[in-house]
Amino acid sequence: MLTIFWRTIKDRRNVLIIYVLVSVGVLWMYIGLFPSFKEQATNLEQLIKNYPEGFLKAFNFDIKSFTTIEGFLATEQFSFMWPMLTLFMLIGYAGYALTGEVEKGTIELMLSQPFSRAKLFFAKYLAGLKMFSIYVIFSVLAAVPLCLAYNVSFHSKNFLTMTVLAFIFGLAVYSIAMFFSSIFSDKGKVFFTSGGILVVMYILNILASIKDSLSNLKYASFFYYFNPSKALVYNQIDHWSYLVFLLTALIFTILGVIIFSRRDVTT
Amino acid sequence: MPAIEVQNLKKYFGKIHALDDVSFSVDEGEVFGFLGPNGAGKTTTIRCLMNFIKPTSGDIKIFGLDAQKKSTIVKNHLGYLSGDVRLYDNWTGRDHILFLEKLRKKRSIARDLIVKLNFDPHIKFKNLSSGNKQKLGLILALMFEPKLMIMDEPTLGLDPLLQNAIYKILDELKKKGSTIFISSHNLIEVERICDRVGIIKDGKIVAIESIESLIEKRIHTARVRFNGQFSKDAFNIDGMEVQQELSDGLILGIHGNINLLIKKLSEYDIKELEISHASLEEIFLEYYGGVGRSAQKQNKFEEDKSVLITQNDLNEVPKLKE
């Protein structure tokens, strides 16, 4: 199992490096821009106060969005850019991990070897998880040295909390994508289904924020439980966030391994 | 104990009955050919043997172990090669070999096979020719000296030189006592290497026979063009039939030994003679009660197994064994 684990990481190393560089690059840009925004904070706060409450909720604007680096990054980086990059990375990897092998026919080499499909599933799953952990550490905690470099004051504990939230959010998304990778033989279907579900969740969260009658829809969205403002600005993660993300990850991982072990693999 | 024992194997894909009550067994040390036209169920059977797909019902035992439940143990003794080897594009042959050695935690005979097959292991898979891709597939399948080798049309699309290299390696494997299960729709290949054959058609086993018995049932078709006059009736004899009359010749069907035809033709002045093996489909139709035989035979000369014999070759006829 370790052989497949390490070989997978070696094969996907360059993709991981690209995602880390892009993510750190965007983070760098926002931290570099923050001092200019801070100078205009009073005007921007006035502007924000004029926006409807639902809009501010939907896009994670906070009163501290332009006065602290935590608030600024929660709004600018971690509410949209980071989740988008993360979804691309995780769904892309999941599609490659199992469905990609079926689509290319390389799965036959794997399945003709003396180990169980469950081991193959977990070798691929854990390799992806390790790469995602590296990505999370760099894409969130790189803020610490960058803030030091730009002389921006920050709360390091809050970034650790954000790292935890980012990890459990990604874990849930990744487990759903791996589940679809274990049942489909076409990468397109994995991308479309996993991506589609998350886009629907994103829309549900926005709808719930802007219309009171639809407010219960937010509970069906990961983006309600993934609240970077709460984590970065107030150093808190809701208990429901832990429960929803970890339970989703557990259920979809178990279902994925069961289905992959029992399904017909035709290349 | 048989190396492979398949009993009442059924595999349905929705309403399609890909395999319908297939039963056969392969003895240890035997080379068993699995014959059938495209879509007959050869690959589905192999995929069930390899546990790539799950049977709808039925039992598969390999070396006495359930091929599904004990798949992990069984695969310690299996080598698998498909006709369309698909491996990792960006890995070299060496990467593939080292990967499998690490995975199984044992040394292999890959280096010997590389030399035997004259294979360059430093080229990325995506840059290999189809023949070299097949060589790599063969090396990976054989490198742990499997007790049972399962091959799905392994020489499909390969040049004769490489085909022969593969046959030679299979001969050596057989001498070492390994069992070989090979699916094919190439009758000549099956005759060359197999001890026994199973014939599958529309998901059902229609015959299991020794290779000698299959050879006895062999059918040829000959297209003869004469320089002078000829008598159609002279060829309507036992073991031979006139299928079609041409302006200057005949199309003949021959069952079994073709020496009868050659002897008969030596009485005539021949312009051109073309003999081809019957396709497997024709053998099925001939021996298992199918229809549409004539239409099949009309298309026979399109096949690549035909032999063109000229006047010079016919001069050698008296030397042929009767």
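1. A salt bridge is taken here as a side-chain nitrogen of Lys or Arg within 4 Å of a carboxyl oxygen of Asp or Glu. In this predicted model, the side chains of Lys11(B) and Asp264(A) form such a pair, with 2.5 Å from N to O, and the count between chain B and chain A is three salt bridges.

2. Between chain B and chain A there are also 12 residue pairs in polar contact, counted where both residues have pLDDT 80 or more. On the side of chain B that touches chain A, the elements giving two or more residues are strand E1 (4-13), strand E6 (78-82) and helix H3 (93-104), and H3(B) gives the most, with seven residues. By class, that side of chain B has 12 nonpolar, five polar and nine charged residues.

3. As for extent, 26 residues of chain B are in contact with 26 residues of chain A, and the two chains bury about 2400 Å² between them, 56% of it on carbon and sulfur atoms. Within chain B, the residues that lose the most area to chain A are Phe52(B), Arg86(B) and Tyr88(B), which together account for 27% of what that side buries.

4. Within chain B, helix H5 (residues 130-142) packs with helix H6 (residues 160-175) at an angle of about 10 degrees, their axes being 11 Å apart. Because angles under 35 degrees count as roughly parallel, H5(B) is roughly parallel to H6(B). H5(B) makes the contact through Gly131(B), Lys135(B), Leu138(B) and Leu142(B), and H6(B) through Leu162(B), Ile166(B), Ile169(B) and Leu173(B); these residues divide into six nonpolar, one polar and one charged.

Terms used
Residues numbered from 1 in each chain as written. Chains lettered and ligands numbered in written order. Predicted model: local features only at pLDDT ≥ 70, side-chain atom pairs only at ≥ 80, totals over all residues. Heavy atoms only, no water. Axes fitted to C-alpha atoms, helices over the stretch in contact; angles between N-to-C directions. Helix = DSSP H or I, 4+ residues; strand = E, 2+ residues; numbered from the N terminus. Parallel < 35°, antiparallel > 145°, perpendicular 65-115°, else oblique. Contact = heavy atoms within 4.5 Å. Nonpolar A, V, L, I, M, F, W, Y, C, P; charged D, E, K, R; others polar. Buried area = accessible area lost by both parts, 1.4 Å probe. Polar contact = N/O pair within 3.5 Å; in protein donor to acceptor, adjacent residues only side chain to side chain.
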